[in-house]
Amino acid sequence: MALIQWYPGHIAKAERKLKEHLKLVDVVLEVRDARIPLASHHPQVDDWIGNKPRLLILNRLDMIPESAYQQWVAWFKSQGKTVYFTNAKQGERVKAIIKAAEKIGDEINQKRQIRGMLPRPVRAVVIGFPNVGKSALINRLLGRKVVASARRAGVTRQLQWVRISDTLELLDAPGVIPSRLDNQRDAVKLAICEDIGDAGYDNQRIAAAFVDLLIELHYEGLLQSRYGLNTLDMTGEDFIEKLANLKYQEDKERAAMQLLNDFRKGIIGAIPLELPPSS
């Protein structure tokens, strides 16, 4: 497969500004995609935030099955991490994020008072890959649409502060990605989930890789239920070609886009593209 790379100028610029703003921030809300909790972790975030408190949020809870949710909760707990699952689009479980951030703010203000300083709202930044649901989460936290949100990468292009309450302020930042996607297996998953821009990859190759991944994860039955094609002895490329011949007048690009969009909209079913590593 051709190398997947996507690092547009607006993201490079936003990343520089984000690093400058991090010194003003008390807590980091790192948002990842619940379908790919590991692949959607930016490898440089740990270095950027240092010892600042972090709330780890896995968004799109509605797009994975209960079994995967339980496995990830147990795995993160075994790693000593608390994880918050949300469905920002529907506003599910977002109140827990506010409570957790405000609790950190209370602890910060207690320390300020000890030093003779006045209390102030806790300042949080929301960071993560493009299109993982950061802006949708902020809108739900606020209770109204303040920042642009859409199901595609690259909608947020400017940093902006949003006051959630008298005790909490959030900085909405554009999605950040590594300047080089060295782990191409992770890059494929990001492309499948539309967490990087489509200018960085070939739709037919990504759709074929998606089919191969579903077969590897034993979710091929969902493909047969949706499209009426048995994947036995098929590669992903074979599947795209047969789907194009069956439904799209041999148009493989159209077949690939339909397959990817069906997954991204949850039409095929709730499918995790990653499960916790074996111990």
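Residues are called buried under 20% relative accessible area, exposed over 50% and partly exposed in between (1.4 Å probe, protein chains only). The model is predicted, so local features need pLDDT of at least 70 and side-chain atom pairs count only at pLDDT 80 or more, while totals for chains, interfaces and linings use all residues. Residues are numbered from 1 along each chain as its sequence is written, and side-chain values use heavy atoms, with hydrogens and water left out.

The structure holds 13 salt bridges (a side-chain nitrogen of Lys or Arg within 4 Å of a carboxyl oxygen of Asp or Glu). One of them joins Asp-46 and Arg-54, at 2.7 Å from N to O. Asp-46 is partly exposed, at 37% relative accessible area. Arg-54 is also partly exposed, at 31%. Salt bridges with shared partners link Glu-30, Arg-32, Asp-46 and Arg-54 into one network.

Arg-35 and Asp-33 form another salt bridge, 2.8 Å from N to O. Arg-35 is buried, with a relative accessible area of 1%. Asp-33 is buried as well, at 0%.

Arg-120 pairs with Asp-26 in a salt bridge, the closest N and O atoms being 2.8 Å apart. Arg-120 lies in the loop between helix H4 (95-114) and strand S4 (122-127), and Asp-26 in the loop between helix H1 (9-21) and strand S1 (27-33), so the pair ties together parts 94 residues apart in sequence. Helices (H or I, at least four residues) and strands (E, at least two) are DSSP runs, numbered from the N terminus. Asp-26 is buried, at 11% relative accessibility.
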